[in-house]
Structure formats: C-alpha cells, structure tokens
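User: I have a structure open and would like to go through it with you. Can we start with the overall picture and then move to details?
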Amino acid sequence: MCHYCGFETAPFHKCPACSQVAMRYQGLGTEKLHAEIEDKFPGFVCQRMDSDTMTKPGSHKRVLDAFRDGNVHILMGTQMIAKGLDFPNVTLVGVVNADTGLHLPDFRQR
C-alpha cells in the first residue's frame, strides 16, 4: 500500500515487466524495524505506532498510556510519536534515517 496516495495492490509474485520470479521485498519501514528491535531486545515489550497499527479509535491513547505506565518498554513509529510527547522516564530517543525525509518533495503540498 502506498502511504502517500493510498493505492493498494496484491504483492507481485513475478515482475510485471519481464516475468522474472526472482523478486525480493525489502525495506526499512517501521514493520522491519519492529522485527529487528524484538530480535535484538528479547524480554522487552516493543509497540509500533504508525498509520498501519493505529487504525481503531482510541488506539493512540491505549498505546501511549501503556508506555507511560511502563507496560511497553520500547515505543517506535513514524513522526506521529516524534512531536509533543513528554515522558519523564524516557532516557534514550533514537531517530532512524531522519535525513531521508529532509529533501524529499511532498506532492501533497502546493
């Protein structure tokens, strides 16, 4: 699914241009990062906050309350968690690939 325009399609099993089946899906999105964090920090509860996981009403509040209460140890996600949050028990904040969006044009702005 395109997170810019909302276009959705089933994953390709072969290249639509050349019919090659040797396709590999990869990326550095929050889903991939979440899996890496869970692998590297076993025993810690990691919660992902992004447009894919925060679809139900009240989901933001539930996750943030769980983080505030210490039931979630690692909170990761998109820029929706990067602004305006203040948790006194947070001792480390990391921004992964922050520079990639600095000069990325946004077709939604006029």
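Predicted model: local features only at pLDDT ≥ 70, side-chain atom pairs only at ≥ 80, totals over all residues.
User: What percentage of the residues is buried?
Analyst: Of the 110 residues in the protein, 16% are buried.
User: And the secondary structure, how many helices and strands?
Analyst: There are 2 helices and 2 strands. Along the sequence they follow the pattern α-β-α-β.
User: What share of the contacts with a separation of 6 or more comes from residues 24 or more positions apart?
Analyst: Such residues account for 48% of those contacts.
User: On to the core. Which residues make up the largest nonpolar core?
Analyst: That core has 10 residues: Met49, Met54, Val63, Leu64, Ala66, Phe67, Val72, Leu75, Ile81 and Phe87. Helix α2, residues 59-68, gives the largest share, with 4 residues.
User: What does Ala66 touch, leaving out residues up to four places away in sequence?
Analyst: Ala66 touches Asn71 and Val72.
User: How many aromatic pairs are there in the whole structure?
Analyst: A search of the whole structure gives 2. One of them is Phe41 with Phe44, an edge-to-face pair with 6.4 Å from centre to centre and 90° between the planes. In the other pair, the ring centres of Phe67 and Phe87 are 4.9 Å apart.
User: Why is the Phe67 and Phe87 pair edge-to-face?
Analyst: Because the planes of the two rings are at 90°, and over 60 degrees counts as edge-to-face. This pair links distant parts of the chain, with Phe67 in helix α2 and Phe87 in the segment after β2, 20 residues apart.
User: Are Phe67 and Phe87 buried or exposed?
Analyst: Both Phe67 and Phe87 are buried. Phe41, by contrast, is partly exposed at 42% relative accessibility, and Phe44 is partly exposed at 47%.
User: Switching to charges. How many salt bridges does the count come to?
Analyst: The count is 6 salt bridges. Among them is Asp50 with Arg48, where the closest N and O atoms are 2.6 Å apart.
User: Is Asp50 buried or exposed?
Analyst: Asp50 is buried, with a relative accessible area of 3%.
User: How far apart are the closest N and O atoms of Lys40 and Asp39?
Analyst: They are 3.9 Å apart, and the two residues form a salt bridge. Lys40 is exposed at 55% relative accessible area, and Asp39 is exposed at 57%. Both belong to a network of salt bridges that also includes Glu36.
User: What about Arg68, which residue does it form a salt bridge with?
Analyst: Arg68 pairs with Asp65, with 3.2 Å between the closest N and O atoms. The two are 3 residues apart in helix α2, so about one helical turn separates them. Arg68 is partly exposed at 46%, and Asp65 is partly exposed at 26%.
User: Back to Asp50 for a moment. Which residues is Thr78 in contact with, leaving aside neighbours within four places in sequence?
Analyst: Thr78 is in contact with Thr30, Met49 and Asp50. Thr78 lies in the segment after β2 and is partly exposed, with a relative accessible area of 35%. Between Thr78 and Met49 the C-alpha distance is 6.7 Å, although 29 residues separate them in sequence.
User: Where is His34 found?
Analyst: His34 is in helix α1. It is buried, with a relative accessible area of 15%. Leaving aside neighbours within four places in sequence, His34 is in contact with Cys46, Gln47, Arg48 and Met76.
User: Last topic, the surface. Which residues make the nonpolar surface patch of about 320 Å²?
Analyst: The patch is made by Phe12, Met23 and Tyr25. Tyr25 is in the segment before α1 and is exposed at 55% relative accessible area.
User: And Leu92, buried or exposed?
Analyst: Leu92 is exposed, with a relative accessible area of 73%. It lies in the segment after β2, and its C-alpha atom is 9.9 Å from that of Ile74, 18 residues apart along the chain.

Key. Residues numbered from 1 in each chain as written. Heavy atoms only, no water. Core = buried A, V, L, I, M, F, W, Y, C linked by side-chain atoms within 4.5 Å. Buried < 20%, exposed > 50% of the residue type's maximum accessible area, 1.4 Å probe, protein only. Contact = heavy atoms within 4.5 Å. Phe/Tyr/Trp six-rings, centres within 6.5 Å; stacked < 30°, edge-to-face > 60°. Patch = residues over 30% accessible without salt bridge, like charges linked within 9 Å, V, L, I, M, F, W, Y side chains within 5 Å. Areas by Shrake-Rupley, 256 points an atom, 1.4 Å probe, with all protein chains shown as cover. Salt bridge = Lys/Arg side-chain N within 4 Å of Asp/Glu carboxyl O.
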